[in-house]
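Please read the following report alongside the sequence and the model. It moves from the overall architecture to a few individual side chains.

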Amino acid sequence: MIETIIPSDRRNFVYDFWRTDEVLRDRCEFIAGIYQKYIDDSTAENYFIALLADYMLEGLYFYNGLN
């Protein structure tokens with residue numbers, strides 16, 4: 001949805017915001033660690049945990065209203 005609503009320059013700012021915001025970067029790294037755990041140990045439990053991480057990541061970026 002962001003691809004059709006927001007101009008590309010603002011969209012790129014949103015996508016790269018984690019690089020400059022320490023709190024957001026820490027949260028993204030936490031979620032990336034969950035993905036890595038699934039890559040390293042591809043169990044059904046780790047898969048479902050990674051799915052939950054997807055929801056967390058969406059919430060961090062889009063539902064909290066990054067402006």
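How many helices and how many strands are there in the chain? There are 4 helices and 0 strands, where helices (H or I, at least four residues) and strands (E, at least two) are DSSP runs numbered from the N terminus. Read along the sequence, the pattern is accordingly written α-α-α-α.

This is a predicted model, in which local features need pLDDT of at least 70 and side-chain atom pairs count only at pLDDT 80 or more, whereas totals for chains, interfaces and linings use all residues. Residues are numbered from 1 along each chain as its sequence is written, and side-chain values use heavy atoms, with hydrogens and water left out.

**Surface and contacts**

Of the 67 residues in the chain, 19% are buried, a term that stands for under 20% relative accessible area, with exposed meaning over 50% and partly exposed in between (1.4 Å probe, protein chains only). The accessible surface of the chain amounts to about 5200 Å², and carbon and sulfur atoms contribute 58% of that area; accessible areas come from the Shrake-Rupley method with a 1.4 Å probe, and for residues only the protein chains shown count as cover. Among the contacts (heavy atoms within 4.5 Å), 45% of those in the chain with a separation of 6 or more join residues 24 or more positions apart.

**Individual side chains**

A search of the whole structure finds 1 salt bridge, defined as a side-chain nitrogen of Lys or Arg within 4 Å of a carboxyl oxygen of Asp or Glu. Arg19 and Asp16 form this pair, with their closest N and O atoms 3.4 Å apart.

Helix 4 (residues 44–63) contains Phe48, and Asp54 is also found in helix 4.

Asp54 and Ala32, 22 residues apart in sequence, are 9.8 Å apart in space, C-alpha to C-alpha.

The relative accessibilities of the residues discussed are listed here.

| Residue | Relative accessible area | Class |
|---|---|---|
| Arg19 | 54% | exposed |
| Asp16 | 37% | partly exposed |
| Phe48 | 51% | exposed |
| Asp54 | 36% | partly exposed |
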